[in-house]
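Let's take a walk through a protein model together. Have the picture ready, and we'll go one stop at a time.

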Amino acid sequence: MKTASSRPFTVAVVWSALHYLGVITMITAFAFFFKEQSQLAVKVIIGSLAFSVVTWLIAFFKRRSAFCPLCKGTPLINSGALAHSRAVRFYPCNHGVTSTISIIATQTFRCMYCGSDFDLLKTPSHLRDKSESR
């Protein structure tokens, strides 16, 4: 059973993944365009650029509305605040993009502000059945 607090993260990550796919499509279309100039490549570049802009805007607002359950920070957006010493960052990405990629890959993330680990697939202890723990 997923928690209600994991839904904003899931929605934000789906939109971010769509944005990343749009960027990959645009890069691929540019490669085909430079290999052989064609009208189809130009149409794909323009379409993927428009798609990327729209999905980036939606993903930005969705990532901004996902709050850490513990510290109430926004771990998917870099605010410029000092990161916790346990916060993870994959170079060249910032902490927010690293958390987004971590959720896409493993459904877990570490808050960059409080340093707490979160598993989006784990049922919180207050919702688990007492008989399951035995």
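Keep in mind that this is a predicted model. Our tour starts on the surface, where V14, L18, L21, I24 and F51 make a nonpolar patch of about 440 Å². Which helix gives the most to it? That's helix α1, running over residues 7–35, with four residues in the patch.

Let's stay with α1 for a moment. L18 is found in this helix, and because its relative accessibility is 32%, it counts as partly exposed; that label covers values between 20% and 50%. R7 also has its place in helix α1. With 59% relative accessibility, R7 goes past the 50% cut-off, so it counts as exposed. Now look for L120: it sits 113 residues away from R7 along the chain, yet the C-alpha atoms of the two are separated by 8.8 Å.

Next stop, helix α3, residues 95–106. At the start of α3, a side-chain oxygen of N94 reaches to within 3.2 Å of the backbone nitrogen of G96. Just after the helix, Q107 takes a positive phi of about 60°.

And which residues of α3 are buried? They are H95, G96, T98, S99, T100, S102 and I103. These buried residues pack against α1, where we began, as well as α2 (39–64) and β1 (108–110).

Conventions. Residues numbered from 1 in each chain as written. Predicted model: local features only at pLDDT ≥ 70, side-chain atom pairs only at ≥ 80, totals over all residues. Heavy atoms only, no water. Patch = residues over 30% accessible without salt bridge, like charges linked within 9 Å, V, L, I, M, F, W, Y side chains within 5 Å. Areas by Shrake-Rupley, 256 points an atom, 1.4 Å probe, with all protein chains shown as cover. Salt bridge = Lys/Arg side-chain N within 4 Å of Asp/Glu carboxyl O. Helix = DSSP H or I, 4+ residues; strand = E, 2+ residues; numbered from the N terminus. Buried < 20%, exposed > 50% of the residue type's maximum accessible area, 1.4 Å probe, protein only. Expected span 1.5 Å × (residues − 1). Contact = heavy atoms within 4.5 Å. Polar contact = N/O pair within 3.5 Å; in protein donor to acceptor, adjacent residues only side chain to side chain.
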